[in-house]
Amino acid sequence: MNDFAAIDFETANFAPSSVCSVGVVVVRDGAVVDSFYSLIKPAPNFYNYYCQRVHGLSNEDTDTAPIFPKVWAQLAPKIKGLPLVAHNSQFDEGCLKAAFLLYQMDYPGYQFRCTYRAAKKHFGKTLENLQLHTVSAACGYHLEHHHHALADAEACAAIALRILG
């Protein structure tokens, strides 16, 4: 797989539409050619303790951030025509669909590939777990700043380049 966009969302709470940041890494011909990161004002706009503890974001970070449609208007041209890749794609695809639904936007039918499922097939039971930082390390990529959306998208892209066929 040489052309794709690795994507990662962080959420403010357990509502899938509550995306508070997005990171994307665009890969063409097997090389990273672009990246994108933005904070997003979440909807619903509140942070629960668990999510905030995971990624460290709060209302102070996102109260003046753009809402999802404005962020997506900047991002969509960068990923046009590309499959999306995510680690545990079910989560990220769910967030994307929920945000599109919330803002009554037409969902363009993005196709997702999952590096978590690919890692399960590729590594079997040889890794202690299939978490993003563990799989990326097994693929030769050191993930710093885990749960920062862009850092996670970079790790996902490194995994996809290594194990997605």
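Modeller: A salt bridge here is a side-chain nitrogen of Lys or Arg within 4 Å of a carboxyl oxygen of Asp or Glu. This is a predicted model: local features need pLDDT of at least 70, side-chain atom pairs count only at pLDDT 80 or more, and totals for chains, interfaces and linings use all residues. Residues are numbered from 1 along each chain as its sequence is written, and side-chain values use heavy atoms, leaving out hydrogens and water.

Colleague: Which residue meets aspartate 34 in a salt bridge?

Modeller: Aspartate 34 sits in strand E3, and its partner is in helix H3, 44 residues apart. Helices (H or I, at least four residues) and strands (E, at least two) are DSSP runs, numbered from the N terminus. The N to O distance is 3.1 Å, and the partner is lysine 78.

Colleague: Is lysine 78 buried or partly exposed?

Modeller: Buried means under 20% relative accessible area, exposed over 50%, partly exposed in between (1.4 Å probe, protein chains only). Lysine 78 has a relative accessible area of 28%, so the class is partly exposed.

Colleague: What separates glutamate 93 and lysine 97 in helix H4?

Modeller: Their side chains meet in a salt bridge, 3.2 Å from N to O. An α-helix has 3.6 residues a turn, so residues three or four places apart point the same way. Glutamate 93 and lysine 97 are 4 residues apart in helix H4, so the separation is about one helical turn.

Colleague: Within what arc do the buried residues of H3 fall?

Modeller: The buried residues of H3 are Phe68, Val71, Trp72, Leu75 and Ile79. They line one face of the helix, because seen down the axis of H3 they fall within an arc (directions from the helix axis to the C-beta atoms) of 95 degrees.

Colleague: Which helix do the buried residues of H3 pack against?

Modeller: On the other side of H3, Lys70, Ala73 and Pro77 are exposed. The buried residues pack against strands E1 (4-11), E2 (19-28), E3 (31-39) and E4 (84-86), and against helix H4 (89-102).

Colleague: Which residues is alanine 98 in contact with, leaving aside neighbours within four places in sequence?

Modeller: Alanine 98 is found in helix H4. Alanine 98 is buried, at a relative accessible area of 19%. Contact means heavy atoms within 4.5 Å. Beyond those neighbours, the contacts of alanine 98 are Pro16 and Ser17.
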